[in-house]
Amino acid sequence: MTPAARAHGGSEGRYIGMGWPERLDICDWIGEIRRKDPKAEVVLHGVSMGGATVLNAAGEQPEGLQAVVADCAFTGIREEFAAQARALFGLPSFPVLDLAVVWAGKWIGTSLKQTSTTAQTAGIKVPVLFIHGARDEFVPFEMLDRNFDACRSPKTKLVIPDAAHANSVFKDPQYGEKVMAFLEKVKSGEEIRDMYDGS
């Protein structure tokens, strides 16, 4: 099942919430699945904003969630906007970003200073596979370790050396097999720490 995020595809909503309000939508989706099948075991897999979305959702600890695969997730909306302001326009975060944060917060219903994917990740209770391309300049590569280090549940990371942003699945021909190997270990209860030795 692939639900469309707010303001994507046929989904309702006027504004993209960058994975923050969408975390609750995902939890609602999980709840709907569990209502139809109380024994359903759910895995969340997202890329880029979707990666942040699934980490944010998992931090809410929805019942039935078994594992998370987060590919090139950012650490927070404000941090991602700041990184892009520097990379694309050479702008400091103050005052332009600070003003934008006020308006964007009104649109999505919360202060962007409070939308921390890293903080949500600290609350995750299920195993997590973190994936990131080493050449990612859109979501800075260092965000991988910040989210990874915050996670207190069983975890491992997969770094794709030649991959730019959201490109790991195309650069690593074994991407799917590695994800499935992680999920098999989750299902069997095997140790998953350092499955890929960080590379």
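**Note on a cavity and a helix pair**

1. In this predicted model, the lining of the largest cavity consists of seven nonpolar residues, two polar ones and no charged ones.

2. The residues in question are Ala70, Cys72, Ala73, Phe130, Ile131, His132, Met143, Leu144 and Asn147.

3. Two secondary-structure elements, strand 3 (128-133) and helix 6 (142-150), each contribute at least two residues to the lining of the largest cavity.

4. The volume of the largest cavity is about 40 Å³. With a threshold of 30 Å³ or more, the count is one cavity.

5. A separate point concerns helix 1 (residues 21-36) and helix 2 (residues 49-58), whose axes come within 8 Å and cross at roughly 65 degrees. Helix 1 is therefore roughly perpendicular to helix 2, a class that covers 65 to 115 degrees. The crossing of the two helices is right-handed.

6. Which residues of helix 1 and helix 2 meet? From helix 1 they are Glu22, Arg23, Ile26 and Cys27, and from helix 2 they are Thr53, Asn56 and Ala57. By type, the residues of this contact are three nonpolar, two polar and two charged.

Key. Residues numbered from 1 in each chain as written. Predicted model: local features only at pLDDT ≥ 70, side-chain atom pairs only at ≥ 80, totals over all residues. Heavy atoms only, no water. Axes fitted to C-alpha atoms, helices over the stretch in contact; angles between N-to-C directions. Helix = DSSP H or I, 4+ residues; strand = E, 2+ residues; numbered from the N terminus. Parallel < 35°, antiparallel > 145°, perpendicular 65-115°, else oblique. Left-handed = near helix turned anticlockwise from the far one by under 90°. Contact = heavy atoms within 4.5 Å. Nonpolar A, V, L, I, M, F, W, Y, C, P; charged D, E, K, R; others polar. 1 Å grid on protein atoms, 1.4 Å probe; cavity = no way out; pocket = protein on both sides within 12 Å on 5 of 7 lines; lining within 4 Å. Points joined across faces, edges and corners; volume = space filled by probe spheres on them.
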